[in-house]
Amino acid sequence: MTTTEHAMHEHEHTGHAGHAGHGDHVAQFRRLFWVMAALAVPTVALSPMFAMLLGYDLPDFPGARWISPVLGTVMYVWGGRPFLTGAVSEIRSRAPGMMLLIGLAITVAFLASWGASLGVLHHQLDFWWELALLIVIMLLGHWIEMRSLAQTTSALDSLAALLPDEAERVEGDGDTEQVVTVAPSDLRVGDLVIVRPGGSVPVDGRIVDGAADMDESMVTGESRTVRRSVDDDVVAGTVATDSGLRIRVTAVGDDTALAGIQRLVGEAMNSSSRAQRLADRAAGWLFWFALGSAVLTALAWTLLGEPDQAVVRTITVLVIACPHALGLAIPLVVSIATERAARGGVLIKDRLALETMRTVGAVLFDKTGTLTKGEPAVTAVAATDREENSLLAL
């Protein structure tokens, strides 16, 4: 599971209905990022440590020294919530990773900064500026990653839109036969269904009466229709372009071919590339390495007779251990690549396969139909004995 998926799973327990949840998450992360970015400006600018690093004087007015602590606390509680809940999830599952590293860094920075602001700890531990920038940077990366996932999710929505909202089921026999309109989800294997001319097939089935030119471009990519008649199989989502059909249902729900395609796309979205798996594994090891380094730092400076420096440097180690680049770069690149592919009509079955594509030197296509849009269009009108406009009007 990627860092964003951890955060979103814990941050949004409710309201994640269907694929629309990704769009909601994108909007939430976008708003959260811009609010935190606005709060980060005064938090960083009025941080004593940041002012000392850049060499400028802080404005002198009543309450100025408390602006960074107050705004920093808001940023930690509000902006840091996705990371903190993700860290708790990793602790419960005993699988330390990126969320725990980020949560550790912002928590130590928050506590140390309050200690410095209250005069309990050394002034060098004023990390309000580091806390603010860390939260904003991580939120930016997660917002972009969620936006990329939402683009890929739209491919699933497009597949679902191929199915009709209603199906016509034949009930009874002979003189008592009647047609009842039902939802496709109410159909069962063995039911007899009518597909009107120009209508979509609601479920996988076999033709028992009629013949039609079927538009199967959603499965094959071929724009040319295929003639289907009695005893031929048809797939949910394909269109009977010219004639009506009677179909005996052979598969419903998750057993249909369209559901299988949707399942592949969903698995691709949830899969991890080798690089992502490596990053997650590295984050786990980095957590223990950071803790080990902090312990050694504390012991070394204590043995040297400088307990104050032991506290300062131990906390500093824990703060800077947060993997800014590791936490952003790999998930971001993988998700954006998947988004670009989905936008171009290419559905990635496995992100690991996408990563392996870098070694491909040539791609072979079996026929031109797989390279077309699958929707024939009139490009020109030519008339021999009259105006083109009058011919077009006729």
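This report covers helix packing, strand pairing and a few single residues in a predicted model.

## Helix H5 against helix H6

Helix H5 spans residues 81-92, and helix H6 spans residues 98-117. The two pack at an angle of about 125°, with their axes 7 Å apart. That angle makes H5 oblique to H6. The crossing of H5 past H6 is left-handed.

H5 supplies Pro82, Phe83, Leu84, Gly86, Ala87, Glu90 and Ile91 to the contact. From H6 come Met98, Met99, Leu100, Ile102, Gly103, Ile106 and Thr107. By class, the residues of this contact are 10 nonpolar, three polar and one charged.

## Helix H6 against helix H11

H6 also packs on helix H11, residues 307-320. Here the angle is about 145°, and the axes lie 7 Å apart. H6 and H11 cross in the left-handed sense.

On the H6 side, the contact residues are Leu104, Ala105, Val108, Ala109 and Ala112. They meet Ile315, Leu318 and Val319 of H11. Eight nonpolar residues make up this contact, with no polar and no charged ones.

Strand S1 covers residues 167-171, and strand S2 covers residues 178-182. They run antiparallel and are joined by five bridges. Within this pairing, valine 170 has valine 179 of S2 as its bridge partner. S1 and S2 form a hairpin, with six residues between the strands. Glycine 172 sits in the turn and has a positive phi of about 85°.

S1 pairs with strand S3, residues 192-195, as well. This pairing is antiparallel, over three bridges. Arginine 169 has valine 193 of S3 as its bridge partner. Strands of a sheet pair through backbone hydrogen bonds, in parallel or antiparallel fashion.

## The open sheet S6-S5-S8

Three strands make an open sheet, ordered S6-S5-S8, with antiparallel pairing. Strand S6 (226-228) and strand S8 (239-240) are the edges. Each has a single partner strand, so one side of each lacks a neighbour in the sheet.

Strand S5 takes in residues 212-215. S5 and S8 pair in the antiparallel sense over two bridges. Aspartate 215 stands opposite valine 239 in S8.

## Aspartate 231

Most residues other than glycine have a negative phi.

Where does aspartate 231 lie? It is in the loop between S6 and strand S7 (233-234).

## Leucine 296

Leucine 296 belongs to helix H10, residues 274-303. This leucine is exposed, with a relative accessible area of 59%.

Leucine 296 and alanine 310 are 14 residues apart along the chain. Their C-alpha atoms are separated by 9.7 Å.

Notes
Residues are numbered from 1 along each chain as its sequence is written. This is a predicted model: local features need pLDDT of at least 70, side-chain atom pairs count only at pLDDT 80 or more; totals for chains, interfaces and linings use all residues. Side-chain values use heavy atoms; hydrogens and water are left out. Axes are lines fitted to C-alpha atoms, for helices over the stretch in contact, and angles run from 0 to 180 degrees between N-to-C directions. Helices (H or I, at least four residues) and strands (E, at least two) are DSSP runs, numbered from the N terminus. Angles under 35 degrees count as roughly parallel, over 145 as roughly antiparallel, 65 to 115 as roughly perpendicular and the rest as oblique. A crossing is left-handed if the near helix is turned anticlockwise from the far one by less than a right angle, and right-handed if clockwise. Contact means heavy atoms within 4.5 Å. Ala, Val, Leu, Ile, Met, Phe, Trp, Tyr, Cys and Pro count as nonpolar, Asp, Glu, Lys and Arg as charged, and the others, Gly among them, as polar. Two strands pair if DSSP finds at least two bridges between them. Buried means under 20% relative accessible area, exposed over 50%, partly exposed in between (1.4 Å probe, protein chains only).
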